[in-house]
Amino acid sequence: MRIFSGIQPTGAIHIGNYAGAIQNWVRMQGEGECLYSIVDYHALTIPYETAEMPRRVQEAALDLLACGIDPEKSRLFVQSQVPEHTELTWVLSCCASIGELNRMTQFKEKSERVDFINAGLFTYPILMAADILLYKADTVPVGEDQLQHLEVTRVFARRFNSQFGETFPEPQPRMTTAPRIMALNDPTRKMSKSLEGSAIMLSDSDEVILRHVKRAVTDVGAKTDEMSPGVKNLFTLLKVFSPAETVAHFQEQYEAGNLRYKELKETLGQDMVDTLAPIRQRREELAARPSQICEILHESARQVRQLARETMAEVRQKLGLTACS
Ligand code: AQP
């Protein structure tokens, strides 16, 4: 099994990324060949400070290594250091229809937030398909928001295979039990790096974590029989950060109609602090050795580029781009 996934260096990694994807990245090490990428080409689709980008890539690498990505078991690399990603993007863009790209929810949402809608934002799913297919990955650990992109990846792969001959496997998603963490300040929206006040970052201090959980929205409007989105989100987080007995305890309270939000939030906040503090500690230790991080990224890029070159040689052959070769 070959596993591929990526994360954008668009800001600090948050508990949504952690619970929805990174936990599976770590767990799947040993299940197959793991290739994990900091996808900086994707991050060009929204406005950013160029001087900030190297630091953001370094920060993402630190977070991932601190979470447990082991360079002995996984290849952790920077996407732009393997330019074949963009070459395959062009090829796949000729296997994608405008109609398919137009249906992408993420494009609709993200294009509403910017004044200038660049074509990269529109063709983002093709670059993501290229990321995965370049390595012929069959399993992709992602959060729920990426399922639609993975679905079109399979469509592009199928179309390429039927036109030019069997080349790419159709990759399948692998989700955690918390595939969609909602914003703490607005549980009707996805927790997101770019949605202010919505997220707890892996690098946040204990005080900041406790404050965020304490302020999390629970009930708004009239009470109904159904669990509110805010409380549901807290239960999802409880399942990620707390032991099963704790979840069962609060579930019983909820069913008996005597759940105290204050107690739920205090317990969740403390369990989150207990999980994230060691990650933060490891992160600080790693941050003291920046050249080692660069070595890991370079060596991984060198290794995965071999695979990328092999795929592109096969793709060129299948496309008939072979004159005078
Ligand atoms: N709220 C979430 N719940 C569960 N999983 C999530 N993921 C993102 N947000 C949640 C998963 O994390 C992985 C990496 O995401 P990404 O950084 O590549 O892109 P994103 O989905 O665009 O993340 P953000 O935080 O929403 O970033 P911005 O604000 O920059 O757009 C993916 O597997 C994703 O599913």
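Residues are numbered from 1 along each chain as its sequence is written, and side-chain values use heavy atoms, with hydrogens and water left out. Because the model is predicted, local features need pLDDT of at least 70 and side-chain atom pairs count only at pLDDT 80 or more, while totals for chains, interfaces and linings use all residues.

Let me begin with the division of the chain. Ten residues from domain 1 and ten residues from domain 2 make the contact, meaning heavy atoms within 4.5 Å.

I turn now to the buried area, which is the accessible area (1.4 Å probe) that two parts lose on being put together, summed over both. Between domain 1 and domain 2 it comes to about 900 Å², with 66% on carbon and sulfur atoms. On the side of domain 1, Ile15, Tyr18 and Ala66 supply 52% of the area buried against domain 2, more than any other three residues.

Which charged pairs cross this interface? The rule finds two salt bridges between the domains, each a side-chain nitrogen of Lys or Arg within 4 Å of a carboxyl oxygen of Asp or Glu.

Finally, arginine 283 forms a salt bridge with aspartate 63, and their closest N and O atoms are 2.6 Å apart.
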